[in-house]
Amino acid sequence: MFTPLGLFKAIPCPQGSGCTLLTCIFSHQETSSDHPDSATAKPTPRSTTTATSTPAGDGSLPVSEAKRRKLAGDNESKTEQTKSSSNSIRREISSEQTRHDETPKDRSSGEQTSSREIGGLQSITRKVSPPPTRTRPSTETQVTKGVPSQSSDASNQAKLPPRQAPKESLNPRMLSKAPAPHSVRSSILNKLHAAMSALNEKMKELKDKSKSALILSPDELIIMALDEEEKAARDNPKIYSNVIKLRIVKFQKMAMEEWEKEVLAHLNARYYKIEPKQISQKPEKLTTGLTANEEIAIAAKLVTDLKGKEQFGYVTKIPSKEEIESAKRGVEAAQGWEKCDRCAGRFQVFPGRREDGTLATGGHCTYHPGKPIRPAKKPTDHITGSRDAYFPCCNETVGTSAGCTKAEHHVFKITEAKRLAAVLQFEETPAQPEKGPQKPISFDCEMAYTTLGMELIRLTALSWPEGETLLDVLVKPIGEVLDLNSKFSGIWPEHYAKAVPYGTPVPDTTSEDGEVKTPPMQVVDSPAAARALLFQLLQPDTPLIGHAIDNDLNACRIIHPTVIDTVFLYPHPKGLPMRFSLKHLSKTYLDRDIQTGGDKGHDSKEDARATGDLVRLKAAEKWKVLKRQGWTIEGDKLVPPAGKTVGSDAGPSIGLGPGAGQKRKS
């Protein structure tokens, strides 16, 4: 017989009280209409109703009585049932069916069931209370910092989301590349769990109802210890032992207030999944002890000569017409076939769209957004084996999976100067004598993938060293967009939808209730138009500041002779083409977190400002060296010590025009 799953419990049994099945799938409770005093009668199981039935004439018990005694566990009923023959059972069934339509007797006047019989049926007739209703946490029980509300009101505690810790043993989780032997990890894990358990016991002893939600169950303590140990093993494999031991010591000496914060952070990450709001804090203004004019004068010593660095992507001369024609012939011969910049697969692209509207072939692109990390070699690698390279986006070992992210199109990037010039020709910064000297500019660009490669979609220029916005425009690319690269560019389709033409006054975005929304950006029609706007702020001798500035210059198709690139000011130990990221440099030298928007992408203003501050920091360091050598600043120029002429070491002279700073005494 198949399992009924309770699907027919609401349907009365067709046989009624004459049913002979011990586990009938239908309902056998009497309805209110079957009782004379239905207003007060309660549903009664059929066994208690038929208990007053008259036995059959042959002396055998009625079928209903036999069933009742069987359920009550009466051993005598078994003997009685063995004595009844199949004929008597049939007669009893027929007699039950004839009495089925008769009105049942009132219990007050009928036979009463013995206390023994009633006791045997209590587990069947007793109603079971439904489980407590579980509701999602309301917004009142969550605070903006991403942790559950810890109000002293017990009702607020009841509204917290239910926690159900998975069952795990106190055994280190398996990792593809463990930072230590299993025995070492197991010993460390036990000590970590013991330290956490001690703090949890102290929390229990407080007997504070407002903090009852912070008391962890044994399973939750195990999960917290496993999470902590695994995090240290994954994030700091090289110094795993030191990191986790310091954490254990910290837990052993931890105060209860700090333990509460640790528990809240764990509960939030593991069970509640409430993302804390990113509080946009304005970075502290960098002070170097120098005036703006002095920093500008010293910046001449930081200018980088790009001659001889063409192999690293820096374009120092305009490609010739012959080179451009050669590049165009190569593109035509390739018939649009390119190599994907993300998955390295081959696909075909159709600038201007194909007849059916297709931009590119190859279907979806599956890739890893993070660059592979190759762990440093250790002296013990010949014994334990070296760690394989892995992707930070998903911790997958290189070569084990095609990717963890899927995009709609394959994309490609052009790096050859002649191919870039075939899309838009390079231009040198024009001289504008009528404008006089210009202050240094810190700028940053954002790019997107189109059918013509990677193109400029945003250009931002800030004054240096003040960091005031001089230019910030959206740019319409030449080719059709394959991917806005929003995770890095920070530009989304709605930016273009809300943008206003450059030169048009930006509408007021302040609502009636005083809320200020992000104003729309101004947009220009092409990269050439954005480049022309940038040229208005530059002279050939104006320092143009950027990080990995070759990418920005190539996107704008600009050849500028005076650049300051933080890649050369903060070089990688392995040299080019290895480079530190701007995010790393900002955190290391400015103690400033940038590019924290996650999927919202980068902000070119934030990047340009961080780049400018890194150069300011180097200018302050450079001045300390120059001052010891006897250099001074007169007006807007660096003045060498007596007997030494200004050579190539001093860099180009940067004029500031009228009102330049006064001489600084050494």
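A salt bridge is defined here as a side-chain nitrogen of Lys or Arg within 4 Å of a carboxyl oxygen of Asp or Glu. The structure is a predicted model, in which local features need pLDDT of at least 70 and side-chain atom pairs count only at pLDDT 80 or more, while totals for chains, interfaces and linings use all residues. Residues are numbered from 1 along each chain as its sequence is written, and side-chain values use heavy atoms, with hydrogens and water left out.

In the whole structure, 28 salt bridges are found. One of them joins Lys-167 to Asp-219, with the closest N and O atoms 2.7 Å apart. Lys-167 is placed in the loop between α6 (154–158) and α7 (182–206), and Asp-219 in helix α8 (residues 218–235), so this pair ties together parts that are 52 residues apart in sequence. Helices (H or I, at least four residues) and strands (E, at least two) are taken as DSSP runs and numbered from the N terminus. With a relative accessible area of 69%, Lys-167 is exposed. In this classification, buried means under 20% relative accessible area, exposed means over 50%, and partly exposed lies in between (1.4 Å probe, protein chains only).

The side chains of Asp-235 and Lys-231 meet at 3.3 Å, N to O; both residues lie in α8, four residues apart, which is about one turn of the helix. Asp-235 counts as partly exposed at 46% relative accessibility, and Lys-231 counts as exposed at 52%.

Glu-322, Glu-323, Glu-325 and Glu-332 make up a negative surface patch. Patches consist of residues with over 30% relative accessible area and no salt bridge, with like charges joined within 9 Å and nonpolar side chains (Val, Leu, Ile, Met, Phe, Trp, Tyr) within 5 Å. Of these residues, Glu-323 lies in helix α12 (residues 321–334) and counts as partly exposed, at 36% relative accessibility.

Two strands are said to pair if DSSP finds at least two bridges between them. Strand β6 (residues 441–450) pairs with β7 in the antiparallel sense over ten bridges, and the two strands form a hairpin with two residues between them. Within this pairing, Ser-442 stands opposite Leu-462 of β7, while Ile-441 has Ser-463 of β7 as its bridge partner. Strand β7 (residues 453–463) also pairs with strand β8 (residues 469–475), again in the antiparallel sense, over five bridges. Here Leu-462 has Thr-469 of β8 as its bridge partner, and Arg-458 stands opposite Leu-474 of β8. The hairpin of β7 and β8 has five residues between the strands, and Gly-467 in the turn has a positive phi of about 80 degrees.

Strand β8 pairs in the parallel sense with strand β11 (residues 522–524) over three bridges, where Val-523 is the bridge partner of Leu-474. Strand β6 pairs in the parallel sense with strand β12 (residues 544–546) over two bridges, and Ile-441 stands opposite Leu-544 of β12. Strand β6 pairs as well with strand β9 (residues 481–483), in the antiparallel sense over two bridges, with Tyr-449 opposite Asp-483.

These strands are mostly covered. In β7, eleven of eleven residues are buried, and in β6, ten of ten. In a regular strand the side chains alternate between the two faces of the sheet. Both faces of β6 are covered: the buried residues include Ile-441, Phe-443 and Cys-445 on one side and Ser-442, Asp-444 and Glu-446 on the other. Five of the seven residues of β8 are buried, so β8 is largely enclosed by the rest of the structure. In the loop between β5 (427–428) and β6, by contrast, lies Lys-439, which counts as partly exposed at 41% relative accessibility. The C-alpha atoms of Lys-439 and Ile-296 are separated by 7.6 Å, although the residues are 143 apart along the chain.

Note on methods:
Areas by Shrake-Rupley, 256 points an atom, 1.4 Å probe, with all protein chains shown as cover. Lys, Arg positive; Asp, Glu negative; His and termini not counted. Charge placed at Lys NZ, Arg CZ, Asp CG, Glu CD.
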